[in-house]
Amino acid sequence: MPPTRRRRTHQRRADLLWAAAGFALVQVALAIALEKRLPVRDPDFAIKLDRLQARVQESPNRPLAVVLGSSRTQMGLDAGWLNQGTGRPWLTFNLGFEGCGPMMSRISLRRLSAAGIRPDLVVIEVVPAQLLVGNGCPIEERGLKGTRFRADEVSVLYPYSSQPWRLVTDWFRGRALPAIQHRADLVTWLSLDRTPQGNPIESGKWYVDPSGWKPGPAVYSLERAVDATHRTLNEFRAYFRDGRIAARQLALLRDLLTDCRRRQIPAALLLMPESTAFRNLYPDGLDHDLGVLLDGLRQEFGLLALIDARGWIGDNDFFDANHLTQVGARAFTDRFGREALRPLLNQSTADSQVVGLQ
Amino acid sequence: MLFCTRPFFFFFLGVFVLYWAMPWQRARVWLLVAASFYFYTLWNKWLACVVLGSALVDYLLALGMEAATAPGRRRLLLGFSLAVNLGLLVYFKYADFFLRSLEEGLRSVGLEASLPVLSVLLPVGISFYTFEAINYTVDVYRGRMRAERNPGHFLLFILFFPHLVAGPIVRACEFLPQVRRRKHWNWERAHLGARLILLGLLKKLVLADRMVAYVDPVFADPGNFSSSTLWLAAIGYALQLYGDFSGYSDLAIGMAHLLGYRLAPNFNLPYLSPNMGEFWRRWHMSLSRWIRDYVFLPLGGSRAGTVRTARNLLLTMTLCGLWHGASWNYVLFGAVQGLILAGHRGFRWTCGRRPALTGWLTSPPGTVVRVAATFALFCYTLAIFRCPTLSLARVMLRRMLAGVGGGGLPLHPSGLYLTMAAVVVCHLASHTDHWERIFERLPAAVRGVAYGAALTLALVVAPNASKAFIYFQF
């Protein structure tokens, strides 16, 4: 082979090897960015944290109440409404996420602490179905993606997971090939899916209001509501079939409350509103067992309250038996602020005895 | 199985590793034949048998033509081959269209007709491999090449999976000699193939697929959008079509290179064309060449006077439009392109008598104007090609020129403007090899990171669900 041709061949071979190395290098850089940058790794949480930090900066002297919970909380609590006007001393923030349960709530507390935010009150939503094990896998874990967490957060969740290797594998896949696993997050971060109304963080699928509320549909057809209700009830029926509270889920909840106690953050438990059709899914005895369990936790951990709001809202204000409409959210928020939050302020600041609300 | 999907990646990786691990050329050929047949069966098992069957018919007929000494017999065998190939193409692609059109035509003159609905499944790639088969049998008939004796070689020519479903339309006289040659691993060729694959992915995933969100809603209902939005959507579609089809071609050619085969280029920066004649010589070049050699030139080409030339252009381009699909939109699009080409010839003749005008048109500013005008004209005619119906196309064409108000683009236009600017820059950079030489002088590590970043970009911006290549439907 002539020398120039040989040189070119070597150069091309080197190019290909460097291209492979370059691709690997870019993935490593992205993986490091993902470990360090929350907005790329978990944009849902980052958006809410951003909003929360802004609210705390605006009102640094107001006692902060953070409500941790699932999509029921996310769509059901209009925290901004609670923060308006005089006579509303709390700065309330909605830190609910779709599918969130005690596992994600523990991570949320850690992240708040890392961001320098220490709430004066944490209200923790308890979703009864999340304490059960139907379909072989706890409901929270089904939606929990390892890619959202840092390595140390995965190590916190590992002992609680019924499929710990799935969590680790998810995380590893997200770091090994971030260009594929975090594609949607990177696209949003790069604002590649902006609408004429602006960034979807401000107006589209990622939108949450300044106090963390993600409103449910304002207008929806009866047909859509019936279909959504049907799907929801079918999904949850499997979890209620067994009806037994799982030891692992209970341990999770206890460890979460232990975490609050260790951080010296007063806590309360909340059961969000449910429609009649949803409550009819409960097998016999579960209601009683749940009540005994939660009241026991309230006493053991010195919780400020156990707020059972399951029957607070009429069936017409749910759009899928499980999530409140905007009208329903306003009604719940009003009552929550009046009957639950305001008395808790007096309790927590006066360090008085625990009062349960049933 | 689309080229930009994970299953295809593993399929190609498996074929690639096995191919180069085998030292025997014959085994490699049959491996590719088997892989290509398997690839096609993933679309539809029965239609794969149709492709295989028609390929075997052509193989036998070509051997028969070569063995036959009587011209009449040779002509008969060629006629039979054309009948089989075109018959299958007409049946699968156009039968329902002709029946529906006939029914509408009869109804329009007051006659009641209820013709059968065939509901035929279109074999993927039929428009491409049929033309390849015709090219082969015609070339054997004309004595331009010998009939292929090895059935594996011929089957590979038809079924070779990189070009099977959407071209480039390969010439037998260019491909078959390559099959016979023993392949050796070549780093330069591998480098070229890898670069083309990367370029294809960028064009398909970063350019074409992201234009869909801008384009589809506008073409579905053009009456609701303003003139400027319609123009932006037309430009977006022009970018989508180019990115999709030339991206596919790059992927196909790149994969072929990785397997040691050279396929002819299919695009040559068509949007830098200064006139529509040049445009169609740079767009889908393999089809343009085929149409020229087997339709335009047999009709007389441009040798038979102005009127005949215009007729030949009109007929050729109309057939070319019809090739794209069974719809009056495509037929009309082709006819319009034919008229434009005929008109351009007249314009060229006029300019020939005006040296000052010719001088200005060929100057740099004049060339810029011509390139812009050609692109604008192509975008304008895309309304006929893309709109779901002729009536919507009429609405869009009218509104594009009427300066009317209406809705804006469904996504923020900044993404489209950025894409347009990037395409212009890349086209201008590719026009000369100046940037290529600068890039080659960079350190290998820097080039490697650039390639890595480009591939990452393609993977990141790829839409969640892989979109089929547009030309797969043709």
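R262(A) is exposed in this predicted model, with a relative accessibility of 58%. Its salt-bridge partner is D259(A), with N and O 2.3 Å apart. D259(A), by contrast, is buried, at a relative accessible area of 3%. Where do R262(A) and D259(A) sit in chain A? Both belong to helix α14 (residues 247-262), and because they are three residues apart there, about one helical turn separates them.

Now let's turn to the place where the chains meet. Chain B brings 29 residues to the contact and chain A brings 25. About 2600 Å² is buried between them, with carbon and sulfur atoms giving 64% of that area. W187(B), E188(B) and V460(B) supply 24% of what chain B buries against chain A, more than any other three residues.

How many salt bridges cross this interface? The rule finds four. One of them joins R5(A) to E188(B), at 3.5 Å from N to O. Another pair that crosses between chains runs from D15(A) in helix α1 of chain A to R447(B) in helix α20 of chain B; their closest N and O atoms are 2.5 Å apart. D15(A) is buried, at 1%, and R447(B) is buried too, at 3%.

Key
Residues are numbered from 1 along each chain as its sequence is written. Chains are lettered from A and ligands numbered from 1 in the order in which they are written. This is a predicted model: local features need pLDDT of at least 70, side-chain atom pairs count only at pLDDT 80 or more; totals for chains, interfaces and linings use all residues. Side-chain values use heavy atoms; hydrogens and water are left out. Contact means heavy atoms within 4.5 Å. Buried area is the accessible area (1.4 Å probe) that two parts lose on being put together, summed over both. A salt bridge is a side-chain nitrogen of Lys or Arg within 4 Å of a carboxyl oxygen of Asp or Glu. Helices (H or I, at least four residues) and strands (E, at least two) are DSSP runs, numbered from the N terminus. Buried means under 20% relative accessible area, exposed over 50%, partly exposed in between (1.4 Å probe, protein chains only).
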